[in-house]
Amino acid sequence: MTHTPIGTALIGCGNFARWQHLPNLARLPGAQLLWLCDHNHDLVAMLGDQYDCQSTTDAKDVLTDPRVEAVVIAVRDDQQAELCLAALAQRKHVYVEKPVGNSPQQALSIAKSATHSGRQVAVGFQKRCAPAYVKAKQLLDADGGVRNLSLRMVDDAWRWASGYPKGALLALDCCHLFDLARFFCDSEVAEITARRSRPDDDAMLLQMENGAIVSITLSGHGTMDMPKERLDAVSMRGGVCVEDFCELRAYGYPEIEPIQRFAGASHPDYPLLPRYLLAEQGASGLASIRRIAWQLRQDQAAGKLNERYDAAEIESFITHTIPNFLRDQGWLSAMEGFLQACAGASTNLNIARAEDAWAAQIITEAALRSQCDQSTIIIDHKPSQ
Ligand SMILES: NC(=O)c1ccc[n+]([C@@H]2O[C@H](COP(=O)([O-])OP(=O)(O)OC[C@H]3O[C@@H](n4cnc5c(N)ncnc54)[C@H](O)[C@@H]3O)[C@@H](O)[C@H]2O)c1
């Protein structure tokens with residue numbers, strides 16, 4: 001069913017939004033992109049021209065425009081909660097990036113404000129909408145649900161997160177994994193033990209209320225050529241492994257295709273080839289792209305591109321090939337689900353809500369305490385209660 005497009009604005013046009021939310025909002029039929037807002041005047045003016053919409057450096061312009069029904073917020077964690085509450089106060093629907101704030105209290109205020117205003121709030125835990133994870137969950141649930149889950153996230157945060165303090169990865173990015181633990185196990189976390197070998201090298205064990213267990217490996221000290229994410233889950237008698245969102249291997253499930261591959265993220269500015277390479281070759285296709293992109297970046301850093309006749313092509317390839325954005329992590333689906341919810345339509349997409357952000361913040365706080373005290377933390381305050 002088609003709906004009148006939702007008048008939409010994007011606040012925060014940084015690196016991530018330019019690769020995902022902005023092109024997605026511009027092409028999803030459920031959205032009419034009206035405004036872009038960013039503190040960076042030149043950037044937002046340039047993008048406003050490119051996407052044929054109004055631009056501003058002041059979020060008030062966006063929030064006071066009655067044509068704007070929904071606001072997508074992708075600034076940084078220290079400002080997202082405030083903007084989200086301001087948007088809800090103006091009765092806008094909100095899609096807010098993770099982490100929504102720095103404390104459970106901020107996430108709780110958002111959940112309360114969403115209920116009070118009757119508006120939709122979606123949170124950027126969109127990995128639950130990634131096609132490979134949607135399929136994995138279906139298979140696991142059909143075999144009695146997850147009993148033992150292992151989640152791994154290893155990347156080169158030492159490069160991309162250089163503006164954040166050392167050790168910030170647990171608060172910034174692990175919230176995705178806490179959300180996936182709750183989502184895949186259909187349970188709240190009862191207790192958590194977290195340890196680190198050095199800042200941004202963490203291991204965690206989560207005991208879920210329903211008896212399932214989850215182990216998490218988190219590191220920001222990898223390199224671009226390493227596979228970033230992996231999920232291994234055991235159900236009643238069998239299980240699945242998902243490698244970097246593009247290859248699912250199912251074990252012990254009769255009549256299920258044992259290896260399933262998933263196309264890369266759909267993106268108007270990417271060449272089509274990587275998308276189809278992931279669909280054809282799965283994890284090995286992505287591994288090749290990772291290795292090539294990493295090697296060429298090394299060559300660039302070492303000044304080896306200078307004498308090459310194809311230096312300009314390689315520079316362009318390096319700029320436009322960010323392997324982590326090639327994987328379909330559910331960005332487009334989650335945004336589509338949000339727009340459907342704003343239009344009052346039913347959606348079978350399992351988008352994350354303010355309560356999920358609240359739960360993730362509680363777990364983050366407990367993990368940090370566990371590391372600090374070298375103890376196991378019992379989580380006794382749960383959003384579902
Ligand atoms: N869900 C995901 O998969 C995913 C992936 C990457 C990043 N993120 C999240 O997206 C958010 C943005 O990340 P990024 O890497 O693009 O950061 P970034 O620093 O590149 O971009 C942030 C942008 O917001 C602008 N900004 C900051 N405060 C503002 C304000 N009050 N009003 C208007 N503009 C403001 C900045 O000028 C900047 O352009 C972060 O919360 C990050 O955690 C989510």
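**Close-up views of a predicted model**

Gln 374 is located in the loop that connects α15 and β15 (376-378), where helices (H or I, at least four residues) and strands (E, at least two) are DSSP runs numbered from the N terminus. Residues are numbered from 1 along each chain as its sequence is written. The model is a predicted one, in which local features need pLDDT of at least 70 and side-chain atom pairs count only at pLDDT 80 or more, while totals for chains, interfaces and linings use all residues.

View 1. Although Gln 374 is not a glycine, its phi is positive, at about 55°. Gln 374 counts as exposed because it has 9 C-beta neighbours inside 10 Å; by the definition used, a residue is buried if 20 or more other C-beta atoms lie within 10 Å of its own, exposed if 12 or fewer, and partly exposed in between, with C-beta atoms placed from the backbone. Arg 91, in the loop between α5 and β5, is likewise a residue other than glycine with a positive phi, of about 60°. Arg 91 has 12 C-beta neighbours inside 10 Å and therefore counts as exposed.

**View 2. The cis peptide bond at Pro 99.** Lys 98 and Pro 99 are joined by a cis peptide bond, for which omega is about -20°. Pro 99 belongs to the loop between β5 (93-96) and α6 (104-117). Most residues other than glycine have a negative phi, and most peptide bonds are trans.

**View 3. The shell around the ligand.** The ligand is surrounded by 23 residues, of which the closest are Gly 12, Gly 14, Asn 15, Phe 16 and Val 75; a residue is near a molecule if its C-beta atom, placed from the backbone, lies within 6 Å of it. Two or more residues of this shell come from each of α1 (15-19) and α5 (77-89), and α1 gives the most, with three residues. By residue class, the shell comprises nine nonpolar, nine polar and five charged residues, where Ala, Val, Leu, Ile, Met, Phe, Trp, Tyr, Cys and Pro count as nonpolar, Asp, Glu, Lys and Arg as charged, and the others, Gly among them, as polar.

**View 4. The largest nonpolar core.** The largest nonpolar core contains 107 residues, and those with the most contacts inside it are Ile 11, Val 71, Ile 73, Cys 84, Ile 110 and Ala 181; such a core is a set of buried Ala, Val, Leu, Ile, Met, Phe, Trp, Tyr and Cys residues joined through C-beta atoms within 7 Å. Helix α15 (residues 354-373) gives the most to this core, with nine residues. At least three residues of this core come from each of domain 1 (6-126) and domain 2 (272-326), the bounds being those of an automatic or database domain assignment. When neighbours within four places in sequence are left aside, Ile 11 is in contact with Cys 37, Ala 59, Val 62, Val 71, Ile 73, Val 75 and Leu 83, a contact requiring that two C-beta atoms, placed from the backbone, lie within 7 Å.

**View 5. The surroundings of Tyr 164.** Tyr 164 is found in the loop between α8 (157-160) and α9 (169-172), and because it has 16 C-beta neighbours inside 10 Å, Tyr 164 counts as partly exposed. Between the C-alpha atoms of Tyr 164 and Asn 324, which are 160 residues apart along the chain, the separation is 19 Å.
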